[in-house]
Amino acid sequence: MLQIPFSDVTIEPGTVISWSLHTRHSPHDGQNSPTESAPCTSASFNQDKHHSSSEATRSTSDGIASSITVTFEIAGRPDTAALEGALLLLVRRHEVLRSRFRRLAGDLNCTALAPDSIALEADVVGHFHSGDDLHIHLDKTFKSIDTLSWPLFLMGAVVRENSATVYLCFDHIVCDGLSMPVVVNELQSSYAALSAGRTPELPPAASYLTFADDQRRRYASLGPDDDRLRYWKDFIRGNGGLFPRFPFDLGVPEGDLYPLANRAYPLLDPHRTEALAAGARASGGSVFTAVLAAAATAQHRFGGPGVYRGLLPISERTDEGRNGAAPNPWQHSVGWFVNTMPIEFRVGEGGTDHATTIARARAAYGELQRHTDVPFVRAWELLAPESFALHHWPHPVNFFSYIDFRRTPGGPRHPLWKPMLHVWAARGNGISHWFHRTATGLHVNMLHVDTPQAHEIGDALHDELLRVLREIAGERDSVPVPIPRPSRERPAVRS
């Protein structure tokens, strides 16, 4: 699965069919509507913060609209009835996709509609002869997702005589990036079975609503003096605050939000990625810790600090360390199973001692993993209450993400299905890097404020990162061929 901006995608024209969700009974039939399958449960801390931010910016110029879209290919003559059946099964299997959110006494709650109450209605949008016209239509469609309106995702397909491109676009409140391989794997499996006249056989999918409600119950009473916040407090003391600031000036005044640029680049081909893995193993690390160490080194070489401090999204799709349950009870579930954790480690002396930096990154990540139980939003609320009312992070943050999509459900079949992940956000104040490994190698997707300074810094760090990665892979004398760009000066370090 490749994560790239939707603007970089070329979809072959065809007939667009969209499927919309409907309920068999009106949700306004009464307080105890027959469409509701369970009592109200508490939303997760992530969902609550996301929803409240959307509420706060609804009538302002700082709209923080965002979406996560996945597209993938179906080969052969499309069976639209089987595809509709697969989409309906997806919605009925995952409670979070059938949920409605509402505030009760200040807390965000959700109620899942009964599976049998959900129906799909197909709409033939029309035939598109031009790829450009199709792209404009889909781009506008994907940007229409609204956190405060139901349903919270949309789905459809571009159907051709001998193939189809399927798309699903979600608001972040119901999913995360790792939900996208789950969706693709499930839909491809169900479609193959239904088109062959068989009943789909799918692995169990635990409910995100159960996860969210349990999380709220366990941490609602957490206080600022709780010992479980010790890791966060230690980080705050060294960092000078909860949020690790991106070390270079992006040209964004404090408190302002800007439109975002969305860019993606290949970093290493499969052969060089394997060489990187070998170099990382020689230092006791992995591709993940090697890329993290390389990002820290690239920043340091451009005048950044000798101690790397950043925020990492951490998957919560295992229950290890909580109650002794088997790992990955939510491996095949859709939801927002992400915690965000701070990390800090020193860069190797001189910025060239990669083995030392990788070892430090590995040790720092090991320490981080021992403290992932406290939700980030709850730590923010308790330890930085002065900024918690903000609907965005208070300043540009050092944000690093890594996923090996080959290891996700259906990963071995991604070269056949050609799934693509498209993250979009309207506005922001910083820069984020999503590194990911696929069958085609190592890649990065950058989302950053659309300012000249941010473009210059993003380009400079990209080139230096390539150089460091190749050094770790053993190419000490190689110089990466830079992507053609306007000339730039050395980025300014934020004091």
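## An enclosed strand

How many bridges join β13 to strand β16 (residues 431-438)? There are seven, and the two strands run parallel; one example is D404, whose bridge partner in β16 is R437. Helices and strands here are DSSP runs (H or I over at least four residues for helices, E over at least two for strands), numbered from the N terminus, and two strands pair if DSSP finds at least two bridges between them.

Strand β13 covers residues 398-404, and because seven of its seven residues are buried, the strand is largely enclosed by the rest of the structure. Buried means under 20% relative accessible area, exposed over 50% and partly exposed in between, with a 1.4 Å probe and protein chains only. Both faces are covered, with N398, F400, Y402 and D404 buried on one side and F399, S401 and I403 buried on the other.

## Basis of the model

This is a predicted model, in which local features need pLDDT of at least 70 and side-chain atom pairs count only at pLDDT 80 or more, while totals for chains, interfaces and linings use all residues. Residues are numbered from 1 along each chain as its sequence is written, and side-chain values use heavy atoms, with hydrogens and water left out.

## The seven-stranded sheet

Seven strands form an open sheet in the order β1-β14-β4-β9-β8-β2-β7, with mixed pairing. Its edge strands, β1 (2-3) and β7 (118-127), each pair on one side only. Strand β2 (residues 15-23) pairs with strand β8 (residues 153-159) in the antiparallel sense over five bridges, and S18 has G156 as its bridge partner in β8.

Helix α4 (residues 179-195) packs on this sheet and touches β4 (66-75), β9 (163-170) and β14 (420-425), contact meaning heavy atoms within 4.5 Å. The direction of α4 makes about 30 degrees with that of β4; axes are lines fitted to C-alpha atoms, for helices over the stretch in contact, and angles run from 0 to 180 degrees between N-to-C directions.

## Salt bridges

The count comes to 26 salt bridges, each being a side-chain nitrogen of Lys or Arg within 4 Å of a carboxyl oxygen of Asp or Glu. D213 and R217 form one of them, with the closest N and O atoms 2.7 Å apart; the two residues lie four apart in helix α5 (residues 208-219), which means a separation of about one helical turn. D213 is buried at 14%, whereas R217 is exposed at 63%.

R301 and E464 also meet in a salt bridge (2.7 Å, N to O). This pair links distant parts of the chain, helix α8 (residues 287-301) and helix α13 (residues 452-472), with the two residues 163 apart.
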